[in-house]
Amino acid sequence: MTLADAKKGTGAGEWLLLAVAIAWGLTFFSTKSLLERMPVMDFLTVRFGFAALLLIAIAPKALRMSRATLLHGTLIGVAFAAAQITQTFGLIHVSASVSGFITGLYVVFTPLLGAVLFKVRVRPLVWLAVGLAVVGLAILSMRLGSGDPFGVGEWLTLICAVGWGFHITLVGRYSQPDNVISLTIVQTGVAALIFAVGGVRDGLTLPNNTADWLWMVYFATIVGAGTELAQVWAQARVEASKAAVLMVTEPLWAALFAVLFGGESVTWRLLAGGGLMVVAMLVAVRAHPPEPG
């Protein structure tokens, strides 16, 4: 690809990354609705089973890979499954908007995990982001006046944010331009198998109406296989720091869709706590300067 081609694709890449964040944000309230009619593990099994089959159908040649790619993809898939399971179970107990904001803390956890796992230096701004995120999380999630100030849903979603940070760290460490699709297939397939272990024990529950099937198709194609491929294509044309800023708008879209379509109300805690967490995410992104072109 020439320099002119790269510049031509930058604008499209930016819009595509924003579309990925919007697609992710739309999943929170719609997942919460589907979980009223489907068990968590059944939902995840159907969603990522279809996504894995679609990726294989799109790129069957990517199944030929090295042992290292298979091993790394398996490790990434385990982290991916852990993040998805804790996020989805947590969503049962918290609102979609709160889940979106807490999940977005992966932007803060990613550099911290990079320092622990791969000795990547943590910049001072990251510690500022951690402090802002903790205050925002307290405002958003603390249940003042109740016996349990921090509920099981918040804890599970916070663990999920750590899981996504771990997942992003591993992907950044092991992905290469020539193995991205193979890693994605292995990751999705391994996760689907883990979900199936819990989903098929007492029979697999499938969507039981047209609307739920349409949502499931959206989850498997657009948010599953589609966003993975879109992100890979876009990040080949957009610098990493700008890509992170665009994708970290996900919690804002999650809150917006939850209010517009999920029946949630706008509260001062949502505005104040969510606002602080967004600032924390942007500070964490700002701590990493743009990569050379």
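Trainee: What makes serine 30 count as buried or exposed?
Mentor: This is a predicted model, mind you. Serine 30 has a relative accessible area of 1%, and buried means under 20%, so serine 30 is buried.

Trainee: Where does serine 30 sit, and what does serine 30 touch?
Mentor: Its place is in helix α1, residues 3–34. Leaving out residues up to four places away in sequence, serine 30 touches Trp215 and Phe219.

Trainee: Which backbone oxygen does the side chain of serine 30 reach, and why call that a polar contact?
Mentor: That of threonine 27, at 3.2 Å. The cut-off for such a pair is within 3.5 Å, so this one qualifies.

Trainee: How do you know that the span of helix α11 agrees with its residue count?
Mentor: Helix α11 runs over residues 250–261, which is 12 residues. At 1.5 Å a residue they should span 16 Å, and the end C-alpha atoms are 16 Å apart, so the two agree.

Trainee: Which residues of α11 are buried, and why say they're on the same side?
Mentor: Glu250, Pro251, Ala254, Ala255, Phe257 and Ala258 are buried. They cover an arc of only 170 degrees around the axis, so they lie on the same side of α11.

Trainee: What comes just after α11?
Mentor: Glycine 263, with a positive phi of about 75 degrees.

Trainee: And how many helices and strands does the protein have?
Mentor: There are 12 helices and 0 strands. Buried residues make up 48% of the 293 residues.

Note on methods. Residues numbered from 1 in each chain as written. Predicted model: local features only at pLDDT ≥ 70, side-chain atom pairs only at ≥ 80, totals over all residues. Heavy atoms only, no water. Helix = DSSP H or I, 4+ residues; strand = E, 2+ residues; numbered from the N terminus. Buried < 20%, exposed > 50% of the residue type's maximum accessible area, 1.4 Å probe, protein only. Polar contact = N/O pair within 3.5 Å; in protein donor to acceptor, adjacent residues only side chain to side chain. Contact = heavy atoms within 4.5 Å. Expected span 1.5 Å × (residues − 1). Arc of directions from axis to C-beta.
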